[in-house]
Amino acid sequence: MVRNAYFAQMPGNPGEQPGAPGAPGAMPGPSQPPSRQFPQQQGPIPIKEGGSEKPDELVEEVNRKAHQKKIETKLLSYAVIAIIIVAAGAYLIPPLLKPSPVTTSTTTVAPQIFKISSCTVITKSGTYYITGNIDTAIQSGSCIDIMSPNVKLIGNGNGILGSGPFVITPPFSYGIRIDDANNVSLQGVSVSRFSYDVYLNRSSQSSILNSSIRNGTVSGVYLNSSVGDTLANDSISGISGPAGAISLQGGGSSTVTNAVIQGNAYYGVVIASTGNRFSKLTFLNNPVDLICSGIASFSSENNFTGSTCSVNKYCEFAYCSKVNLPANISSITLTRQITGCGGISSPGIYQVQTNLNLSSYANVSASPSVACITITASNVRLNCNNNAILHSGYGVSIPSLGTSLYNISISNCTFANYTHAINVGQVFGFNITNVRASGGGAAIYLQNGTQGTVSNSVLSRNTYGIYINGTSTGITFSNVTAQGNIYGVYAAAGQANIYTQSKFVNNSKEDLYCTASQYNSQSNIFVNNECGTTDCNWGTTCKTRTLPPISVYPLSGCSTIDTPGNYSLNADIDTQGNCFAIKASNVNLACNGHYITGGFAGNAVYGSGVNNITFNNCKIQNFNTALNFSNSNHLSFSNITINQSGTSVSITNSIFDSIVKVSSILGAHGFVFKYVNDSTLTNDSAISGRQSASGYLLNYSYNNLIAYDVASSNNNYGFAFLNSRNNQVSNNTAQGNLKSDYYCSANSGGLYAQQGGINNGVSKQNCIWLVEVQPIPQQNLCQSISSSDIITLTQDMVYPYGHACYTVYNTNSSSGNDTVINCMGHTIYATRGGTFVDDINSSNVHVSNCYLKYFTKPIIVQGPNAQIYNNTIGSSNASISLINAFNPVVRTNNITNASYGIFVQSADDGQIKNNILTNANISISVIGSASLQVLNNTVTGGSLGLFMEKSDEIVVGSNHLTPPTSSGIVCSTGSKNTSSSNVDFGDNVCSGNQNCNWMTSSPLCKV
């Protein structure tokens, strides 16, 4: 069989970089190019002329002599003509009028044309042809480094194939690198498997045309401070790093057109420059197609037309079908003359010169918390000059930064359509004057401001004219009109505030409204105001008094609470049965450190069908159940100690609960959740549980956060998960629990059950998604294996290095043949990606019973007779890779959430059978291989079940290939027709068939 697998036109080989994105904003990739290292290899070869190869000096001498001979021949002809003309002139023209003779010469320059067959440095202009595939093992520096302008590099369809390195840390390798050179053209090149496949460093007017860029570790095409470049008719795929398929960092005014950008691990195009034009682009299977940072995000800075994309982050000039988020407007530093939204970070006087509209910065509505102008400096005076700020989350925001700002003035502003027109955080000494605000949430929202003034302002058609919250203290409101709102003034907190010479009338619910904590305030002053209605006891000049909606009720004994409000326990309580029955929603019960003591029966606090219940600062002992709630949502329990009760906390059928700093001591059960979702247990403890006690028992409960909790010395389990999935369990400590520190039922135990978590403990059952380590420094178990070995894991492991954990070698001097690695059901969690086992030419290597999470390429086989079985692998790039392997057996593995599930390249005479693959982009990929058996595999989710290219004598039988998108089976070059010798063994089920015409024995898989 003839193969050229590395350069086959396939959907893309898997990359090498582990998953982790970054917070949007700062783009990935180096800000300055790393130092270059060049391989010591042969330079360009001149094209042969006349059947032999000549050095440059000889070529120039031959050309010179040939050129001289041509000139001599022409001069002889010119001499004859000149004699005739002179003779004629002597006869016809007087001697004094004869012209002087003129001699003319012409010089031609031979074109500079060279051949390239290996890595090299190009230091002079000319045309260079790549004569064949170039394979290189360099791990740093460039394969082809172009350091001269006016260079044309023609690939002729040949490829430049690298060998990584497959991490995103220096040193880096470069397939083709252009350094400070202009007018360089790359045409028809194929580059793959470098850190940066193509890198343009401070280049201009260069181009990449009709080229294939694949499988780069950091980026496919990276333009660093380059201007006016062109990418056209290119294909860029399989890039595994966060710098994206194409990255434009600095520079700008470049053109990207007619490109196919697909199957990249992070981003399609990363844009941090302006003036660029993007047209006729096709994006396929990228998590994010476009991502922008800084000023490059804005709608006027780049051009995007005629393209198809799905996911767009921060690029406001482009519209994609799924996501288009606004950029971080506050990161733009405003000058003293303001013409756009942004941030004020220096003292001074700032003048708004025009109306500002935040909606012009994004293709979607602004986030409720995005501010048009953000002030983060003291001694700032902002004058809007009666210009308007429209369609903002916050019109002007002074955020709380941890330390108080001071002396800030905002004047002569008009606001419309906002969440808050002016948002005042932690600031001392502010002045808001001559403001008009209508049509929003809160016109003026005061969170933590002190010693400020609000004056000469009109606030209308808002939910709140003025909202006072937090520690707002010593604020004077004078000559303020708040009318036509739902609430004129909403006093939720604050003290020592003064209201004078103002007008609060015709607001639909209340003109001056107080919450319970403000109703009887003795520090607020309200004089000489026109006011309609109020529930505030201190609103003395308002015409109409209303009853306060919530009162604070003191409690000294057990009772039924059937009215919303705030309740406060002012004494210890002893009881023999139930104590507090909660029969109303919106109840806040504080014990103020008092005891509630029972007679080992009943419930201390209980309720059903109520919401928004807060219970805190209590000590409870001797009840059947201390806290018992069902069919109730938004429960908040905090700072509670529960001693010697049957069950400390029991919650059934509930969502959005918060259990924080609750301690269960000597209980028959600690925390029992059933049908509880989207809730939080943090900083809790379950200690010395008696009888059949488990510290934390979750049954049919999903999407909860269990973090920083303690379970110790319980008679059953520390943490038990029954029929519960997708719970985030991390940073917990379990020890001394009789049966096991962590327990999962069968349907709660797989890698599918959770996305991550590292916890302290010494024992677990079935919870393979959870990594349990002992609270002592962990021994590094990884090693290079150069002789036959049997490795058996005895504990879970955290792998933080990003390289290969076990490398099994077979060299002339040593052999790792017959090595067995058995994880014994333990979980290995990779925090920086990498590979768990890399078999390099060793024979008969066995890898089994491993649970692998977050490795980039967990298992790589490059030797004969490997056995890979009973492994569970989650969240990887290529879960199992068979490359140049002979007679491999891959069976009974369970693979989820991978770019490639099982990737086979140039592997013969093996078996892939009885595997389960879920949500893989391409579940099984077979390229350039022969005599494989693909039997009884189950594929669900993802994009493509089985992909075959340039492969024959493949036996496919009894597979269930049903991804929801694309096709169950796809055949490409050399694997399409019945002449390919591939065999349909029958009983296959496919969601679709593309070009696999030899599939004739399975009715549900025919074309």
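**Notebook: disulfides, cores and backbone**

I began with Cys767, which is buried, with a relative accessible area of 0% (buried means under 20% relative accessible area, exposed over 50%, partly exposed in between, with a 1.4 Å probe and protein chains only). I note that this is a predicted model, in which local features need pLDDT of at least 70 and side-chain atom pairs count only at pLDDT 80 or more, while totals for chains, interfaces and linings use all residues. Residues are numbered from 1 along each chain as its sequence is written, and side-chain values use heavy atoms, with hydrogens and water left out.

**Disulfides**

I found 13 disulfides in the structure (a disulfide is a pair of cysteine sulfur atoms within 2.5 Å). Cys767 is joined to Cys744, S to S 2.0 Å. The torsion about their S-S bond is about 110°, so this disulfide is right-handed. I placed Cys744 in strand β70 (residues 740-744) and Cys767 in the loop between β72 and β73, 23 residues apart (strands are DSSP runs of E, at least two residues, and helices are runs of H or I, at least four, numbered from the N terminus). Cys744 is also buried, at 0% relative accessibility.

I then looked up Cys119 and Cys143, whose sulfur atoms are 2.2 Å apart. Their S-S torsion is about -90°, so the link is left-handed. Cys119 lies in the loop between β2 (113-116) and β3 (120-122) and Cys143 in strand β6 (residues 141-146), so the pair ties together parts 24 residues apart in sequence. Both cysteines are buried.

**Cores**

Which residues have the most contacts inside the largest nonpolar core? I list Ile144, Ile146, Leu186 and Leu290, in a core of 58 residues (a nonpolar core is a set of buried Ala, Val, Leu, Ile, Met, Phe, Trp, Tyr and Cys residues joined through side-chain atoms within 4.5 Å). Apart from this core lies another, of 57 residues, including Leu358 and Phe415. Not counting residues up to four places away in sequence, Ile144 touches, among others, Ile116, Leu153 and Arg177 (contact means heavy atoms within 4.5 Å).

**Backbone**

I recorded a cis peptide bond between Gly164 and Pro165, with omega about 0°. Pro165 is in the loop between β8 (159-164) and β9 (173-179). The bond from Pro170 to Pro171 is also cis, with omega near 0°, and Pro171 is found in the loop between β8 and β9.

Asn766, a residue other than glycine, has a positive phi near 70°. Asn766 is partly exposed, at 46% relative accessible area.
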